[in-house]
Amino acid sequence: MVEENTNSTENLTPENNEWKSDKIDKLAAALSKAQSEMKGAEKKSINPFFNSGYADLHTVIESSFPHLTKNGLSVIQGNESRPGEFFVTTMLLHESGQWI
């Protein structure tokens with residue numbers, strides 16, 4: 001007997017809309033406002049191999065989360081797996097209950 005994994009990432013395709021809530025109008029408006037307020041994250045870290053600067057994950061989070069939160073948005077991460085594969089999942093949530 002083969003058990004079907006209904007939470008599998010293979011079902012998260014634009015064709016079946018399981019990758020977003022039925023409506024995203026409020027989320028989209030809030031994200032647009034948040035993005036209009038954001039500036040680029042400061043390049044505080046150095047890549048010694050290429051001798052170049054980059055914005056590390058902490059700096060990106062530090063520079064973007066206040067704008068997301070101000071506009072009713074939050075980010076959550078989880079994980080999924082299948083035999084031989086592992087996925088990090090990220091969801092953007094809006095205080096209205098909409099998500100993508």
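Helices are DSSP runs of H or I with at least four residues, numbered from the N terminus. The model shown in these views is predicted.

View 1. Neighbours within four places in sequence aside, the residues in contact with Ser21 are Gln98 and Trp99. Ile100 lies 79 residues from Ser21 along the chain, and the C-alpha atoms of the two are separated by 6.4 Å. The side chain of Ser21 also reaches the backbone oxygen of Lys23, at 2.6 Å.

**View 2. The largest nonpolar core, made up of six residues.** Its members are Leu27, Ala30, Ala34, Leu68, Leu73 and Leu92. Three residues of this core come from helix 1, which gives the most. For Ala34, with residues up to four places away in sequence not counted, the residues touched are His67, Leu68, Asn71 and Leu73. Leu68 and Leu73 are themselves members of the core.

**View 3. A nonpolar patch on the surface, with about 380 Å² of accessible area together.** The patch is formed by Leu57, Val60, Ile61, Phe65 and Val75. Helix 2 (residues 57-70) supplies the largest share, four residues.

**View 4. Leu57, a residue of helix 2.** Leu57 has a relative accessible area of 62%, so this residue is exposed; the cut-off for that term is over 50%. Leu57 is one of the residues that form the nonpolar patch.

Key
Residues numbered from 1 in each chain as written. Predicted model: local features only at pLDDT ≥ 70, side-chain atom pairs only at ≥ 80, totals over all residues. Heavy atoms only, no water. Contact = heavy atoms within 4.5 Å. Polar contact = N/O pair within 3.5 Å; in protein donor to acceptor, adjacent residues only side chain to side chain. Patch = residues over 30% accessible without salt bridge, like charges linked within 9 Å, V, L, I, M, F, W, Y side chains within 5 Å. Areas by Shrake-Rupley, 256 points an atom, 1.4 Å probe, with all protein chains shown as cover. Salt bridge = Lys/Arg side-chain N within 4 Å of Asp/Glu carboxyl O. Helix = DSSP H or I, 4+ residues; strand = E, 2+ residues; numbered from the N terminus. Buried < 20%, exposed > 50% of the residue type's maximum accessible area, 1.4 Å probe, protein only. Core = buried A, V, L, I, M, F, W, Y, C linked by side-chain atoms within 4.5 Å.
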